[in-house]
Structures are given as structure tokens and as C-alpha cells.
Amino acid sequence: LKKWDAVGAYSVKMVAESTNGCKDSVTTVITVKESVFPDFTANNACSGVEIEFLNQSKLESGVVTYKWDFGDNTISNKISPLKTYHVGTSTSFNVTLKAFITGGCSDSITKRIDIYESPRTCDVIAVPDYSTYHWGIKVTPRDSFGYPGGQDNVDYTFMIPGIDTIQASDAAAFALFDVKADGVYDVKMEAKMRNNGTCVCVSDKKLITYHDWE
């Protein structure tokens, strides 16, 4: 193996000699071009969260172009692109960065990125509910399509500051608060995936309660 420390054309001669003393040689020219050494870093992330793919490629000199293949049929030619994955279940993607030097060499590197499932029920419904409490508020998760109800494998924390914090889980999750009086209430909800404990979304709504029949 031979490593050249500079670009250029090099004459390489090989001499072969047999045990009976016969010898011959051949000479060829090797052209050494500019090299690039691609590398990048990127963090694992939750579905729907933007990731920065930080290009850390090294090169000796020259003009370099890049091509990213994110493993989901999308590409980019930016130096350090931003990318958001949307998945229904936790999934891994093989991301490849290819680097090309104009008139020189090319190389590539592939790394795995893990994308974790995020809650799909990230909105909240808050309505007066007097079936249990005289000043009751019922809080229920709902998804982006407006369908009410919780989601399996999701833990919910419902909170009305100064009143109470209630926890519930999975598809039947809801909370019923006794607010003790009519007024304006800030209703908060946090939804967290139980299987990864990482992916979280929050929602915040205001509700006015008023007993017009008193």
C-alpha cells in the first residue's frame, strides 16, 4: 500500500525478477486526485420534530458538492440540511451523505437515525360538565382531525392551575375537575408516549363557565 501526500501524476515502476536471474519491469503513471472524507452528526428525534444534519466532512482542497439520501425517498443537496420525519410507529432510517470534489474523488458515509412515535392526540377539549360537580369541567384529548378520545400507550396529565392535576392513560383518558365557582380557567394537557418516554406534546385552552340558570 502506498499513500501520496499531494495531488499530481506519479510514475510507478514495478520490477519482477525470477529465481534464475531473469528480470523485467513495467512503468505506469498514477494520477492522485483531491480527496474528501464525508462525515456528519444528527440526533435521534420524535416524529414531527425537525433534525439538523450537521455536515462535518473534511477535504484537502477543491470545490465540493453534497447529496443527502434520507432513506425515505427524499434527498437534499444542501451542506447541512434540516429534515423532519413523520412516522406512525417508531422507525429507523439509513441516511447516506455523498461528497463529490470537482475533478477529484468522491466518497460516502451511511449512519442510522432513529425516529420515535409521537402522540397523535395533542389537542384538548374542555367543556362544562355538571353531571358530577356543580361547577364541573370535563377535559378530553382529541386528535388533529377533531376526533375526541385518548390514544393507547399514551399517558396524559391534565391540569387547571390552582385547582387540580389529574393523570389518565390510553384510549379512555379524560379528567373531571371541580372548579368550585364560575370563571375563566386555563386548561392544560400534556401527552407523553409511554413506550419511549421521550415524545411529548402539550395543549392549552381557556374555558369560561357560567351558570345562567342560577
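## Stop 1: a glutamate and its partner

Select glutamate 117. Its relative accessible area is 11%, so glutamate 117 is buried, under the 20% limit. The model is a predicted one.

Glutamate 117 and arginine 120 form a salt bridge, with their closest N and O atoms 3.2 Å apart. Arginine 120 is partly exposed, at a relative accessible area of 48%. Side chains of opposite charge can pair when their charged atoms come close.

## Stop 2: a bridge between strands

Select aspartate 123 and arginine 142. Here too there is a salt bridge, and the closest N and O atoms are 2.9 Å apart. Which strands hold the two partners? Aspartate 123 lies in strand E14 (residues 123-128), and arginine 142 lies in strand E15 (residues 136-142). The pair therefore ties together parts that are 19 residues apart in sequence.

Check the surface at both ends. Aspartate 123 is partly exposed, with a relative accessible area of 21%. Arginine 142 also counts as partly exposed, at 24% relative accessibility. Salt bridges with shared partners join Asp123, Arg142 and Lys205 into one network.

## Stop 3: a bridge with exposed ends

Move to lysine 23 and glutamate 17. They form a salt bridge whose closest N and O atoms are 4.0 Å apart. Are these two residues buried or exposed? Lysine 23 is exposed, with a relative accessible area of 57%. Glutamate 17 counts as exposed at 54%. How many salt bridges does the structure hold? The total is 12.

## Stop 4: the rings

Turn to the aromatic side chains. The model has 7 aromatic pairs. One of them is formed by phenylalanine 40 and tryptophan 68, so select both.

Phenylalanine 40 belongs to strand E4 (residues 40-41), and tryptophan 68 belongs to strand E9 (residues 64-69). The pair thus ties together parts that are 28 residues apart in sequence. Phenylalanine 40 counts as buried, at 1% relative accessibility. Tryptophan 68 counts as buried too, at 0%.

Ring pairs link Phe40, Phe53, Trp68 and Phe70 into a cluster.

## Stop 5: charges over rings

The charged end of lysine 111 sits over the ring of phenylalanine 40, 5.2 Å from the ring centre. Then select lysine 83 with tyrosine 85. Lysine 83 lies over the face of tyrosine 85, and the distance to the ring centre is 4.9 Å.

## Stop 6: threonine 209

Finish at threonine 209. This residue lies in strand E20, which spans residues 200-209. Threonine 209 is buried, with a relative accessible area of 4%.

What does the side chain of threonine 209 join in a polar contact? Select aspartate 182: a polar contact of 3.4 Å joins the two side chains. Now show the surroundings. Beyond its neighbours within four places in sequence, threonine 209 is in contact with Pro128, Tyr130, Ile137, Ala181, Asp182, Gly183 and Tyr185.

How values were computed
Residues numbered from 1 in each chain as written. Predicted model: local features only at pLDDT ≥ 70, side-chain atom pairs only at ≥ 80, totals over all residues. Heavy atoms only, no water. Helix = DSSP H or I, 4+ residues; strand = E, 2+ residues; numbered from the N terminus. Buried < 20%, exposed > 50% of the residue type's maximum accessible area, 1.4 Å probe, protein only. Polar contact = N/O pair within 3.5 Å; in protein donor to acceptor, adjacent residues only side chain to side chain. Contact = heavy atoms within 4.5 Å. Phe/Tyr/Trp six-rings, centres within 6.5 Å; stacked < 30°, edge-to-face > 60°. Lys NZ or Arg CZ within 6 Å of the ring centre and 35° of its normal. Salt bridge = Lys/Arg side-chain N within 4 Å of Asp/Glu carboxyl O.
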